[in-house]
Amino acid sequence: MSTVVITGTQWGDEGKGKIVDYLAGQAETVVRYQGGSNAGHTVAVNGTEYKLRLLPSGILYQGTHNVVANGVAVDPEVMLQEMDAMAAKGIDVSGIRLSDRAQVVMPYHRLMDGIGDEARGKDKIGTTKRGIGPCYMDRDDRIGIRVCDLLEEEVFAAKLKNNLAVKNKELKALYDHEPLDFAKIFAEYMGYAKRLAPYICDTITLLNEEIQAGRKILFEGAQATMLDIDYGTYPYVTASHPVSGGVTVGAGVAPKNIHRVVGVVKAYCTRVGEGPFPTEQLNEMGDKLREAGHEYGTVTGRPRRTGWLDAMVVRYAGLLSGIDYMAVTRLDILDNFDEIKMCVGYRHKGKDLPGMPASLKVLGEVEPVYETFAGWKQPISGIRRYEDLPEAAKKYLERMAEVTGINLGIVSVGPNRDQTIVIAKDIFS
Ligand code: IMP
């Protein structure tokens, strides 16, 4: 199995960075295929925390190729800042490859994301304000600026001029905002282009040649299933496809070349931004989960909403992405709970629902059907073998596998690389 996709099964922030980092140790290439700097992955290596937003997590391994593929909305300023920060920590960034087809996040995207979402008032989505939604909107409107345009000064100048003519009118009419300056943006982006040029290439050919050669490739999903533009809790979603199918269009890789899918499942649930969240605990239990798990946003610092594990959500993610193995993260955060709950079904108006309802009204009204588990009330961060976990923890995990229909592959019991229990040894085989 030479290609593995990692996808989030909940609302993001499942601890994907840690699992990607673990598997990146076995991969030769790591690829981001969707989203952009709205993502925030935290990886701990030997006690040092690295925060990644746009760069693939494989950057922390010497010699790995790190591909930012065509499906990513690339903010060049953020990308360069991140590359500089890594280089300053002694990390080699020469293995980065940036797709010439990727869409470029422009200053008007960030601006419109911020003021546009606020202008929705009580209906706001609570975006990260990184310009990702407006950037994909321009792609679909066929006025987007791509990375290859940055390498052709005249093409870039023409597209920027045309876009600014429209954007400045919109900014004035909708938000009474002063116009953005062509010369300033032009100079700024040409500066980025010069610095990024050595890393830009045709990543479609690169990746497909690597697949043919049997190189081990890891596709690193950002955000998660319930934030997918089509499958998530629309409209409270991100603007891309975090599900495993996103790899085919986001990296130019055919479905038959996706060999294995790993779904990352946090042992409880969190969500940032607005939108329904059936197992949310707006009570002391929710506060306890937030404090135990330090559940505050990597990108925005916002306190995350917290709740019990929703196995209906994970089962849905399993169906959509064809998940072979679950990687359960942050199990140790539940060490001090007397009781732990898991939602194993939804009831609505007295009936069991067979799947995930499309209607947010229905999802907002469902009654989660909970099973209650005894807590293990002991620290598990030092455990390295599945059989050494407390019986109560194994019971919780095994029920999770049963309800979701997905095998357990990895259990993470702490933030560091070595705090990982590996059950499935054949993820890359
Ligand atoms: P956007 O992706 O900035 O457009 O935000 C849309 C929704 O996705 C908001 O609810 C964000 O909070 C959420 N979101 C975006 N990126 C992440 C992430 O990496 N983790 C969790 N939530 C995210």
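**Close-up views of the strands, helix and ligand**

View 1: R347 stands opposite D352 in β17. This is a predicted model, in which local features need pLDDT of at least 70 and side-chain atom pairs count only at pLDDT 80 or more, while totals for chains, interfaces and linings use all residues. Residues are numbered from 1 along each chain as its sequence is written, and side-chain values use heavy atoms, with hydrogens and water left out. Strands (E, at least two residues) and helices (H or I, at least four residues) are DSSP runs, numbered from the N terminus, and two strands pair if DSSP finds at least two bridges between them. By that criterion β16 and strand β17 (residues 351-352) are antiparallel partners over two bridges; they form a hairpin with two residues between them, and K349 in the turn has a positive phi of about 50°.

**View 2: further partners of β16.** Eight bridges link β16 to strand β18 (residues 367-374) in the antiparallel sense, and Y346 stands opposite P368 in β18. Pairing with strand β14 (residues 309-310) is parallel and spans two bridges, with M342 of β16 as the bridge partner of L309.

**View 3: strand β10 and its neighbours in an open sheet.** An open sheet of 10 strands with mixed pairing runs in the order β9-β7-β5-β2-β10-β1-β11-β15-β19-β20. At its edges stand β9 (200-201) and β20 (420-422), each with a single partner strand, so one side of each is left without a neighbour in the sheet. Strand β1 (residues 3-8) pairs with β10 in the parallel sense over four bridges, and strand β2 (residues 29-32) is also joined to β10 by four bridges, the two running parallel. E220 in β10 is the bridge partner of I6, and R32 likewise stands opposite E220, whereas V30 stands opposite L218. In a regular strand the side chains alternate between the two faces of the sheet. Within β10 (residues 217-220), I217 and F219 point one way while L218 and E220 point the other way, and all are buried.

**View 4: helix α1.** Helix α1 (residues 16-24) is mostly covered, with eight of its nine residues buried. Its buried residues are K16, G17, K18, I19, V20, D21, L23 and A24.

**View 5: the shell around the ligand.** The ligand lies between domain 1 (2-93 + 202-422) and domain 2 (103-199), because both give residues to the shell around it; the domain bounds come from an automatic or database domain assignment. Of the 16 residues around the ligand, D13, N38, T128, Q223 and T238 come nearest, a residue being near if one of its heavy atoms lies within 4 Å. The shell divides into six nonpolar, eight polar and two charged residues, where Ala, Val, Leu, Ile, Met, Phe, Trp, Tyr, Cys and Pro count as nonpolar, Asp, Glu, Lys and Arg as charged, and the others, Gly among them, as polar.

**View 6: N and O atoms facing the ligand.** A nitrogen atom of the ligand is 3.2 Å from an N or O atom in the side chain of Q223, and an oxygen atom of the ligand is 3.2 Å from an N or O atom in the side chain of R302. An oxygen atom of the ligand is 3.4 Å from a polar backbone atom of G126. Taken alone the ligand exposes 470 Å², of which the protein buries 96%, with accessible areas from the Shrake-Rupley method and a 1.4 Å probe.

Key. Polar contact = N/O pair within 3.5 Å; in protein donor to acceptor, adjacent residues only side chain to side chain. Buried < 20%, exposed > 50% of the residue type's maximum accessible area, 1.4 Å probe, protein only.
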